[in-house]
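Here is a short briefing to read alongside the model.

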Amino acid sequence: MQGSGQTDRIFGLDLMRATAISMVIIGHTKWIYSNITGMASSILDVFAFLGVEIFFVLSGFLIGKIVYQLYVQETYSLESFRWFLKRRWWRTLPGYYLILSINVALTMMLFPSTDSLIEYFYFGQNFNKSMPGFFPESWSLSVEEFSYLFLALALFLGSRLKDKNQKANFFLAIICGLMLLSWFARINFYLETHNTDLGVWNSLIKSSVIYRLDSIYLGVLGFWFSVKYSFFWIRFRWFLALLGFVFLAFMFVGVGYFRFLIDQHPIFWNIFYLPLVSLAVAFFVPLLSEWKSQKSILSIAVEWISIRSYSMYLLHYSLLLQLMKTFWIVDSARTIQLHTFTFCYLLLIVISSHFFYKYYEKPLMDFRDKS
C-alpha cells in the first residue's frame, strides 16, 4: 500500500491507489451493516477484495521501476540490496508497528485473550496458514513485506551479469521464477486437498503469503513490459483496459452466471482465479500509467487520498471501526443510526489519517530521504 513522493506524480496511478483504498474502506463497512444481504452484500465483498488486489499490482509496478533501474541500469551490489530494503522498510514498518502495538494494547485491555500475537511482529501470522482474526487486514502487508525481501534477495543472487541486455532478460527470468513459486504452492495445495470450500479458499489461498506473491510480481513484470515493449504498452493501452474490464466482469459476474463455482471447478478457483484477477487489474495499468493530469479539484482530491492511503489502511478497520463498534452501540434495525455511524466513521478516517500522515508518516519518510 505504498505512497510515493509528491513530485512527478502520475494522476492515473494516484487514481488507482485512491480507488483501491476507497473500495477497501467501503467494503469493510459491511461490518456496520451486519444485516445486509443479497446484491449489496456481494458488492461490498467484491470491493474489499478487489481493492487489495489493485494495491498488490500497483505496488509491484512501482517497486518494479525501482529495482529494474537498480538491477539493469546500475550495479546491483550489496549496497543496492540494503538501500532498497531500507527504503521499503522505512516506508512501511514504522506505521505498521505503531498501529500493531496500539492494537495489541487495546486487545489486552478490552478483549483479553490467550492467543499469541508474537507472529505479527515478524509477519508470520499468515505466511503459510489462514489469517487469524486479530488485525485481519494486516495479511496484505505480510504479502508485501515478503515480496520485497524475496525480490531483493533474488536480484542480489543474480547480480553477476554485466551486459545490460543480458541483465534485462535475466530480470525477466527472476520475476517469472518468483511468480512460479506461488503457482507451484497453489498447485501443490490443490493436489493435496482438492479443496471445494470457498471459506478455506478465502481464509487460506486468498490470504496466505506463499499463495499470493505472484500478484505483486505481476506488477513488477508489468513494468518490465512497459520498458521493453513501450510501443505496444502505449499503442494498445485502451484495448488492454477494455480487456481488463471484460476480465473483471467475468471474474465477478460471469463465474456466477455460468455456474463456475468452486464445488464444480475447484482447479479453476484454487489455481487460476487469483492470477486472472491480478491480470485483469494489470491490464488497466498501461492506460493509467500514461494518464497525466493538470491540476484540478478532482486531481487534488485524488492525490490527497492517494498520499494518505497507507495511513487510511492501517487505521480504518481493526483500530477505528473496532473502537467505534465497541463504544458506540447502534440499533441495527434503525437505518438512520447506521448511516450516522457510517458518516462519523468515514469522517474519522479522513481526519485521523491526515494527522497520522502529517505528524508521523511523512516526517519518517523525510528522515529516510535525508539519511
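Predicted model: local features only at pLDDT ≥ 70, side-chain atom pairs only at ≥ 80, totals over all residues.

Residues are numbered from 1 along each chain as its sequence is written, and side-chain values use heavy atoms, leaving out hydrogens and water.

**Whole chain**

- The chain has 14 helices and zero strands; helices (H or I, at least four residues) and strands (E, at least two) are DSSP runs, numbered from the N terminus.
- With a radius of gyration of 21 Å, close to the 21 Å that the globule rule gives for 371 residues, the chain is as compact as a globular protein of that length. The radius is taken over C-alpha atoms, and the rule is 2.2 Å times the number of residues to the power 0.38.
- Of the 371 residues, 49% count as buried, meaning under 20% relative accessible area, with exposed over 50% and partly exposed in between (1.4 Å probe, protein chains only).

**Helix 1 against helix 13**

- The axes of helix 1 (residues 11-28) and helix 13 (residues 309-327) come within 10 Å and cross at roughly 5°. Axes are lines fitted to C-alpha atoms, for helices over the stretch in contact, with angles from 0 to 180 degrees between N-to-C directions.
- Helix 1 and helix 13 are therefore roughly parallel (angles under 35 degrees; over 145 is roughly antiparallel, 65 to 115 roughly perpendicular, the rest oblique).
- Helix 1 contributes Arg17, Ile21, Val24, Ile25 and His28 to the contact, and helix 13 contributes Ser309, Met312, Tyr313, His316, Tyr317 and Leu321; contact means heavy atoms within 4.5 Å.
- Histidine 28, in helix 1, is buried at 17% relative accessible area.
- Beyond residues up to four places away in sequence, histidine 28 touches Ala48, His316, Tyr317 and Leu321.

**Valine 330**

- Valine 330 sits in the loop between helix 13 and helix 14 (335-370) and counts as partly exposed, at 22% relative accessibility.
- Leaving aside neighbours within four places in sequence, valine 330 is in contact with Gln337, Leu338 and Phe341.
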